[in-house]
Amino acid sequence: MAKYEDNFWRVYWGPDEAKGDEKLNTYFIEIPEYEGIKRGDYRYIIGRKGTGKTAIIEQLTNEIDGKYNQFHKYLSLKNFPIQTLRNLKDKTKGDKSQFVPIWTFLLLTELCKLIIQDENATPTQNVIELELFIKSNFPSDLGFNETLKILAGSENKVSVLSSWLGIEGKSSESLEVLTPVHFQKVTEILGNLIRNIKSDCSFFLFFDELDEGYSVNDKSLNLLLLALFRAIENTYIELKEYIDFRPVLALRSDIFENLEDNDLNKLDDYLINLKWTTESQSPYSLLDLVNARINASLRVENPQKAWECISVNKDPSLPRKIATVWDFIYNRTFERPRDVVKYMKICSKFKYSGKINFQAVKTAERDYSEWFFKEFRDEIQSHLSIWQPACQSIIKLGKGVFSLDEIKLEMDKDSLIANFLKNSNKTHEDVLEKLFEFGVIGNLSVSKKWFFKYKDNNLPFNPDQKMLVHFGFSKKFRINAY
Ligand SMILES: Nc1ncnc2c1ncn2[C@@H]1O[C@H](COP(=O)(O)OP(=O)(O)O)[C@@H](O)[C@H]1O
Ligand SMILES: [Mg+2]
């Protein structure tokens, strides 16, 4: 009989980012809503950084690529020319409505590009006309960026067949005559043409990486995002009876929660919040996620307990209160796939062989903590300008558990914090609440139970309770966790 393997250091953990991960389909964990996303029931994926928003899109892409009757386009808003989009707003409207027309136009042009790929779509004449429209205006298929650039360079106009505008030419060649017209005029025509198309195919548009360059204080950026939600939802509803159009938008939860708009409530049924747990054999299980990666690389004795097969999980050298090596790792994360996988990857950089034990995990903790802090920084920096001095005051205090009075005293020694509080009319508690919101600190109850926001999103911050530093930061903050 072939031998089983138990060498942790032979597991391939994959890249930090799901985008472009060619092995993803060998260890992808299907979340319960996955089929619903595929069907178009869910259109909005909300989750913290590293919770697997892109992974879902990437996996859908993998599936679609293998099907003759499904098409997709990935629209990254990374390095998106926001200013160009702003200039294209409809000045006759107010608030987010200004930006809905341009987003709708962008959406429809991308959808057209997909539809014309279906060789069996009818009526042929409609498809030919759409194709001509795309080819003559947006020849290089570079997505939103190209469309915006072309609009900006042509006084917001695109060329369409004269017949679209009801202008009849004299000769039979009139069909070929193109007329420049404002893009907003074209939106309705495109919508009508699409509604007339008969196609058996599904068309997916994926929106990702909207968080690049995000700042909470930029109110008009919030409007832009709200307008995008509206444009997607409107377009979906207007087309769903006619064509199988499935938009999917991924957005970081901190940004989503900052968008204040009554409209967003209406999206509740079509939205999922990615939230993982530790339990094995349950939906959203991080242990299963790790097991899947192990099983994709190794043949272990018990695939359902793959982690136990390659670790000294109940290492006797663990601190007294911690039952397993897994718990030690897990307590240093925000319960997000990327955190767990990253910890494993850092462990695997140190050369050992055989099963992973507590010593190896302990050695990796310093690098992990550095990385974890940077991830946290990426999230908090646009929400709290003084995040750095605020963390510094915890470091200076040098304790894993502290009271409001203690941390206040420390914060008052920092002039940056003092100025911030004065100028923004905020209190120490407000600052601490932000730290609580992003998980650096939690509350410790009288009965010594700890509470972190990432475990329960509805948990209110209680400044009167003791606070404790998240274990993922203890190495970085040079605090003794136990
Ligand atoms: N459902 C999943 N199954 C397997 N791995 C996942 C899953 N979701 C996320 N991951 C892994 O977690 C990491 C972060 O995922 P990613 O999609 O890049 O996060 P986000 O886009 O939310 O920031 C990647 O390594 C990815 O492979
Ligand atoms: Mg992503």
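**Close-up views of a predicted model**

View 1. With a relative accessibility of 7%, serine 162 counts as buried; the term means under 20% relative accessible area, while exposed means over 50% and partly exposed lies in between (1.4 Å probe, protein chains only). This is a predicted model, in which local features need pLDDT of at least 70, side-chain atom pairs count only at pLDDT 80 or more, and totals for chains, interfaces and linings use all residues. Residues are numbered from 1 along each chain as its sequence is written, chains are lettered from A and ligands numbered from 1 in the order in which they are written, and side-chain values use heavy atoms, with hydrogens and water left out. Serine 162 sits in the loop between β3 (157–161) and β4 (178–182). Helices (H or I, at least four residues) and strands (E, at least two) are DSSP runs, numbered from the N terminus. Not counting residues up to four places away in sequence, serine 162 touches Ile167, Val177, Leu178 and Thr179. Contact here means heavy atoms within 4.5 Å.

**View 2. The whole chain, for orientation.** The protein chain has 20 helices and eleven strands. Its C-alpha atoms fill a box of roughly 90 × 70 × 35 Å, taken along the principal axes. Of the 482 residues in the protein chain, 54% are buried. Take the contacts between residues at least 6 apart in sequence: 71% of them join residues at least 24 apart.

**View 3. Serine 202 in strand β5.** Strand β5 spans residues 202–208 and includes serine 202. Serine 202 has 6% relative accessibility, so it counts as buried. The serine 202 side chain makes a polar contact with the side chain of aspartate 244, at 2.8 Å. A polar contact is a pair of N or O atoms within 3.5 Å; within protein, one must be able to donate a hydrogen and the other to accept it, and residues adjacent in sequence count only if both atoms are side-chain atoms. Neighbours within four places in sequence aside, serine 202 is in contact with Asn69, Gln70, Phe71, Asp244 and Arg246. Arginine 86 is 116 residues from serine 202 along the chain, and their C-alpha atoms are separated by 31 Å.

**View 4. Surroundings of ligand 1.** Around ligand 1 there are 21 residues; the closest are Ile29, Gly50, Thr54, Ala55 and Arg293. A residue counts as near the ligand if one of its heavy atoms lies within 4 Å of it. A polar backbone atom of glycine 50 is 2.8 Å from an oxygen atom of the ligand. For proline 15, a polar backbone atom is 3.1 Å from a ligand oxygen atom. For aspartate 16, the corresponding distance is 3.4 Å.

**View 5. Alanine 55 in helix α3.** Helix α3 covers residues 53–65 and holds alanine 55. At 14% relative accessibility, alanine 55 is buried. Leaving out neighbours within four places in sequence, alanine 55 contacts Ala18, Leu24 and Phe28. Glycine 20 is 35 residues from alanine 55 in sequence, and 9.3 Å away C-alpha to C-alpha.

**View 6. Helices α17 and α18.** Two packed helices are described by the angle between their axes and the distance between the axes. The axes of α17 (residues 387–397) and α18 (residues 404–412) come within 9 Å and cross at roughly 115°. Axes are lines fitted to C-alpha atoms, for helices over the stretch in contact, and angles run from 0 to 180 degrees between N-to-C directions. Ser393, Ile394, Lys396 and Leu397 of α17 meet Glu406, Ile407, Glu410 and Met411 of α18. These residues divide into four nonpolar, one polar and three charged. Ala, Val, Leu, Ile, Met, Phe, Trp, Tyr, Cys and Pro count as nonpolar, Asp, Glu, Lys and Arg as charged, and the others, Gly among them, as polar.

View 7. Most residues other than glycine have a negative phi, and most peptide bonds are trans. The bond from threonine 122 to proline 123 is cis, with omega near -10°. Proline 123 lies in the loop between α5 (100–115) and α6 (124–137). Aspartate 95 is not a glycine, yet its phi is positive, near 45°. Its place is the loop between α4 (82–87) and α5. Aspartate 95 is exposed, at 55% relative accessibility. Glutamate 335 also has a positive phi, about 55°. Glutamate 335 belongs to the loop between α14 (325–330) and α15 (337–349). Its relative accessible area is 7%, so glutamate 335 is buried.
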